[in-house]
Amino acid sequence: MSEKKLSVDTLCIHAGWKPGNGQPRQLPIIQSTTFPYDSSDDMAALFDLEKSGYFYTRLQNPTSDAVAAKIAALEGGVAGVLTSSGQAANFFAVFNICEAGGHIVASNEIYGGTYNLFGVTLPKLGIECTFVSPDASDEEIRAAVRPNTRAFFGETISNPGCRVLDIERFARLAHEAGVPLIIDNTFATPVNCRPLEWGADIVTHSTTKYMDGHATQVGGVVIDGGRFDWDAHSDKFPGLTTPDESYHGLTYTKAFGQQAYAVKLTAQLMRDLGASPAPQNAFLLNLGLETLHLRMPRHCENALKVARFLKNDPRVAWVNYCGLEDNKDYEKARKYLPQGSCGVLSFGLKGDRATAISFMDSLQLISIATHVADARSCVLHPASHTHRQLSDDQLREAGISPDLIRLSVGIENADDLIADIKQALDSI
Ligand SMILES: *Cc1c(COP(=O)(O)O)cnc(C)c1O
């Protein structure tokens, strides 16, 4: 049966690893750095990319490849590459097609680590980024495009702002500019949204979050949608459409067609920069993926119950969750995320920083942790944790209100979570 016809639920369980007669039911952990060959010629053909096969785990490993293939099937892409973190995935996704002298356009509603990567670190490599608001008009976004623009970037649901991106519109504007749209789909996961179906070209994830779901490994993935026509924009993407001297003059689009982008990422970036995951971590990620379709609906259902409770409590100043009817992104969430968005929401308490701290310290079941999208619920107060060096004014400039508490709702019983929040509010 072709994988294209199977539902996401079934793919979560069966895609990637297909055991043959008498082979292990569960994906084997091939914890080996290297793979020996009978003849020198066999090995040489691999190094020339003439044959596919394994030779060194920095480039490819069978366990990691099976998990990447599962995620590619879930997203509806043609190929995937696992990386050792979500940060590495976003860096590789951009750097694979944008080099010194290049430029990208990114939504300014994105994860802080990615914002820093694009705004501070990429410029050190000669790559510039123009940030645009997801609410900017088409004209404003077109004005951000330059002759050297090589990609658009955004998050399906932003971390931590919970903004929903109008993926179709960003895809249209990216394609108008002759460049691909890269979407970080970490918070939605392919269970709730498949950006390639809305016109995105490349999808990334921090697999550390829902895909793993149990806080066991840090990882990332880049999925190639296989549809962007690199040859039609050859002047912009010579790395894909002209000979690579480091592989005897092979041209990726000619040799690998739809998978050119993914093969180049493995052959050049993994070879030269590393950032490959441990096979053991790929195995742990796969265990998480086997229940992703069961966990996501529960995260969403719980988050909506908690958001509604907070909204009705007089001690709560505001609640931001894109699943709430009065949220500014509710209509976009209904379009792109009809089955639910994610388990992450944010809110503010009436009072000051001290009120937020007192509330968090009183929580008993929900823990204080620098993590989101885990089976266990947790909170973080950026003003006292990740951004503690900033003043209230500086926080507001960074788009974070000083009272913002980020709550990642897990898959416990919702009534237990609400009871914990209630007793903490009572004890402020
Ligand atoms: C956490 C996160 C990242 C970074 O991933 P790591 O696995 O921590 O490196 C990137 N994007 C989003 C949306 C995230 O939530």
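The model is predicted: local features need pLDDT of at least 70, side-chain atom pairs count only at pLDDT 80 or more, and totals for chains, interfaces and linings use all residues. Residues are numbered from 1 along each chain as its sequence is written, and side-chain values use heavy atoms, with hydrogens and water left out.

**Helix α11**

Select residues 260-273, which form helix α11. Helices (H or I, at least four residues) and strands (E, at least two) are DSSP runs, numbered from the N terminus. At 1.5 Å a residue (multiplied by one less than the number of residues), the 14 residues of α11 should span 20 Å, and the end C-alpha atoms agree at 19 Å apart. Of these 14 residues, 11 are buried, so α11 is largely enclosed by the rest of the structure. Buried means under 20% relative accessible area, exposed over 50%, and partly exposed in between (1.4 Å probe, protein chains only). Among the buried residues are Y261, K264 and Q268. Now show β1 (79-83), α4 (86-95) and β6 (202-206), which are included in what covers them. Just after the helix, G274 has a positive phi of about 75 degrees.

Move to L181, in strand β5 (residues 181-184). L181 is buried at a relative accessible area of 0%. Leaving aside neighbours within four places in sequence, its contacts (heavy atoms within 4.5 Å) include F152, F170 and I202.

Next take N185, in the loop between β5 and α8 (189-192). N185 is also buried, with a relative accessible area of 0%. Its side chain makes a polar contact with the side chain of E75 (2.9 Å). A polar contact is a pair of N or O atoms within 3.5 Å; within protein, one must be able to donate a hydrogen and the other to accept it, and residues adjacent in sequence count only if both atoms are side-chain atoms.

**The core**

Select F118, F152, L345, F347, F359 and I421, the residues with the most contacts inside the largest nonpolar core, which has 123 residues. Such a core is a set of buried Ala, Val, Leu, Ile, Met, Phe, Trp, Tyr and Cys residues joined through side-chain atoms within 4.5 Å. Beyond four places in sequence, F359 is in contact with residues including F347, I421 and I428.

**Cysteines**

Disulfides (pairs of cysteine sulfur atoms within 2.5 Å) number zero in the whole structure. C162 is in no disulfide, and the nearest cysteine sulfur, in C322, is 3.5 Å away. For C12, the closest cysteine sulfur is in C300 at 13 Å, too far for a bond.
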